[in-house]
Amino acid sequence: NMTALLLEHGYSRDFEREADSYAIKLMQETGRPPDALADMFEALAKECAPNCDRLGWLSTHPGFAERIEAARAAGKHLE
């Protein structure tokens, strides 16, 4: 069932967002800049371009652009 598959992937992306938020929190608590996480996502995106986000709604992870933006935003809150 395609509807169930899309919903399942949506939940998976939410879990990945939670994992990213947790990583950002740990980085902040240990004095590491969340920008380092954004840098890592940028490097990964560069390695897999142009196929990174080709699955769109079928992807189990949020897109790199979203993840980079969230990490950069967390870094700005520290300034």
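Contact here means that heavy atoms lie within 4.5 Å of each other, and the term is applied below to a predicted model.

**Contacts of Arg67**

Leaving out residues up to four places away in sequence, Arg67 touches Glu16, Asp20, Phe41, His61 and Pro62. Arg67 itself belongs to helix H3 and has a relative accessible area of 10%; because buried means under 20%, Arg67 counts as buried. Glu16 and Pro62, both touched by Arg67, are 46 residues apart along the chain, yet their C-alpha atoms are separated by 7.2 Å.

**Overall architecture**

The chain contains three helices and zero strands, and its elements follow the order α-α-α from the N terminus on. Of the 79 residues in the chain, 24% are buried, while the accessible surface comes to about 5800 Å², with 58% of that area belonging to carbon and sulfur atoms. Among the contacts between residues at least 6 apart in sequence, 67% join residues that are at least 24 apart.

**The nonpolar core and the aromatic pair**

In soluble globular proteins, nonpolar side chains tend to be buried together. In this model the largest nonpolar core has 10 residues in all, namely Ile24, Met27, Leu37, Ala38, Phe41, Ala45, Phe64, Ile68, Ala71 and Ala74. Helix H1 (2-29), H2 and H3 each supply at least two residues of this core. Ala38, one of the core residues, is in contact with Ile68, Ala71 and Arg72 when its neighbours within four places in sequence are left aside.

The structure also holds one aromatic pair. The rings of Phe41 and Phe64 have their centres 6.2 Å apart and their planes at 50°, so the pair is classed as tilted. Since Phe41 lies in helix H2 (residues 35-48) and Phe64 in helix H3 (residues 64-78), the pair ties together parts that are 23 residues apart in sequence. Phe41 is buried, with a relative accessible area of 4%, and Phe64 is likewise buried, with a value of 17%.

**The two sides of helix H2**

Helix H2 has 14 residues and reaches 20 Å from its first C-alpha to its last, which is close to the 20 Å expected at 1.5 Å a residue. Its buried residues are Leu37, Ala38, Phe41 and Ala45. These residues cover an arc of only 100° around the axis, and therefore lie on the same side of H2. An α-helix has 3.6 residues a turn, so residues three or four places apart point the same way. The face of H2 turned away from the buried side carries the exposed residues Lys46 and Glu47. Lys46, found in helix H2, counts as exposed at 70% relative accessibility. Between Lys46 and Phe64, which are 18 residues apart in sequence, the distance is 9.9 Å from C-alpha to C-alpha.

The table collects the accessibility values for individual residues.

| Residue | Relative accessible area | Class |
|---|---|---|
| Phe41 | 4% | buried |
| Arg67 | 10% | buried |
| Phe64 | 17% | buried |
| Lys46 | 70% | exposed |

Phe41 links several parts of this description: Phe41 is touched by Arg67, belongs to the largest nonpolar core, and is listed among the buried residues of H2.

Definitions and conventions:
Residues numbered from 1 in each chain as written. Predicted model: local features only at pLDDT ≥ 70, side-chain atom pairs only at ≥ 80, totals over all residues. Heavy atoms only, no water. Helix = DSSP H or I, 4+ residues; strand = E, 2+ residues; numbered from the N terminus. Buried < 20%, exposed > 50% of the residue type's maximum accessible area, 1.4 Å probe, protein only. Areas by Shrake-Rupley, 256 points an atom, 1.4 Å probe, with all protein chains shown as cover. Phe/Tyr/Trp six-rings, centres within 6.5 Å; stacked < 30°, edge-to-face > 60°. Core = buried A, V, L, I, M, F, W, Y, C linked by side-chain atoms within 4.5 Å. Expected span 1.5 Å × (residues − 1). Arc of directions from axis to C-beta.
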